[in-house]
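Here is a friendly walk through one protein model, from its overall surface down to a few side chains. Have the viewer open as you read.

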Amino acid sequence: MQIKTMAEYFANGETPEILFWVGCAGSFDQRAQKITKAFATILDKVGVRFAILGKEESCTGDPARRAGNEFIFQMMAQNNIAVLNGYEVKKIVTACPHCFNTLRNEYPELGGHYEVIHHATYLQQLIDDGKIRMQESGSFKGRKITYHDSCYLGRANNIYEAPRKVLEALDAELVEMKRCKSNGLCCGAGGAQMFKEEEKGTTRINFERGREAVDTGASVIAANCPFCMTMLTDGVKEQGKEDNVQVLDIAEMIAQQMV
């Protein structure tokens, strides 16, 4: 699969339907790269004309702002906005809730005005439009799946139903954790915590969340965030259930079961 960059589209005088914002984790983390490939495969299969920025994409600045370095955030954001505005980008889809929240809610005050969609919402739209069709007897049919609400998609942006609608298309049994939706528990990586040592306490947050997920009896934990993916995977390992419980992004699940 050959993915064109915005520069290539621009050079040919063409405009893609969407810009796929890959994000740092989706670009460099080996586990998150699988999510990137799965989502790109879906877009390619359904015939969506999409582009990436490639080497012109840099971090949104989210971790810098959360860690308190406003200067670095503003510098990174303004550089990205200059690139995006230079290509006259209108619509952005990303698989990272952190990138989604920053691009959608924090770039406008710096001059970056775009329609920003998280991949969970975009996948729901493709399913509703009949562009994604599922195998009748897919690998997730009838299996117990529990879904983890990431903070930046859930509480920060009030998106709870779109990812659940996507999971419904798999014809699986969705079982909710005790703490879910607006009462969901953070995976432990938000607010730049991903990049610092944990503070003293009785347990790690991701161990607590991993226990809650395993206690549902689900064989699959569905995530929508590369940070959550890392933390939940470690949480499942701490429970000794890595051989019985998979942690997968919803895009990976759809890519596996779509026709």
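## Surface and overall form

The protein exposes about 12300 Å², and carbon and sulfur atoms supply 47% of it; accessible areas come from the Shrake-Rupley method with a 1.4 Å probe, and for residues only the protein chains shown count as cover. Please keep in mind that this is a predicted model, in which local features need pLDDT of at least 70 and side-chain atom pairs count only at pLDDT 80 or more, while totals for chains, interfaces and linings use all residues. Residues are numbered from 1 along each chain as its sequence is written, and side-chain values use heavy atoms, with hydrogens and water left out.

The protein holds 11 helices and eight strands (DSSP runs numbered from the N terminus: helices are H or I with at least four residues, strands are E with at least two). Its C-alpha trace spans about 50 × 50 × 30 Å along the principal axes. The radius of gyration is 18 Å, in agreement with the value near 18 Å for a compact globule of 259 residues (taken over C-alpha atoms; the globule rule is 2.2 Å times the number of residues to the power 0.38). Of the 259 residues, 51% are buried, where buried means under 20% relative accessible area, exposed over 50%, and partly exposed in between, with a 1.4 Å probe and protein chains only. Among contacts (heavy atoms within 4.5 Å) with a separation of 6 or more, 79% come from residues 24 or more positions apart.

Helix 5 covers residues 70–86, and its 17 residues reach 24 Å from the first C-alpha to the last, close to the 24 Å expected at 1.5 Å a residue (the expected span is 1.5 Å times one less than the number of residues). Which residues of helix 5 are buried? They are F73, A77, N80, I81 and L84. These cover an arc of only 105° around the axis, so they sit on the same side of helix 5; the arc is that of the directions from the helix axis to the C-beta atoms. An α-helix has 3.6 residues a turn, so residues three or four places apart point the same way.

The buried residues of helix 5 pack against strand 1 (18–21), helix 4 (62–66), strand 3 (91–94) and helix 6 (97–106). On the other side of helix 5, F71 and A82 are exposed. After helix 5 comes E88, with a positive phi near 55°.

## Two aromatic pairs

Rings of Phe, Tyr and Trp (its six-membered ring) pair if their centres lie within 6.5 Å; planes under 30 degrees apart count as stacked, over 60 as edge-to-face and the rest as tilted. By this rule there are two aromatic pairs. The rings of F10 and Y87 have centres 5.3 Å apart and planes at 75°, so this pair is edge-to-face. F10 lies in helix 1 (residues 6–11) and Y87 in the loop between helix 5 and strand 3, so the pair ties together parts 77 residues apart in sequence. F10 is partly exposed at 46% relative accessibility, whereas Y87 is buried at 14%.

The rings of F20 and F39 have centres 5.1 Å apart and planes at 75°, so this pair is edge-to-face. It links strand 1, which holds F20, to helix 3 (residues 30–46), which holds F39, and so ties together parts 19 residues apart in sequence. F20 is buried at 2% relative accessibility, and F39 is buried at 0%.

## A histidine in a loop

H148 is in the loop between strand 5 (144–147) and helix 8 (161–168). Is H148 buried or exposed? H148 is buried, with a relative accessible area of 1%. Leaving aside neighbours within four places in sequence, H148 is in contact with M177, L185, C186, C187, R209, A222, N224, C228 and L232.
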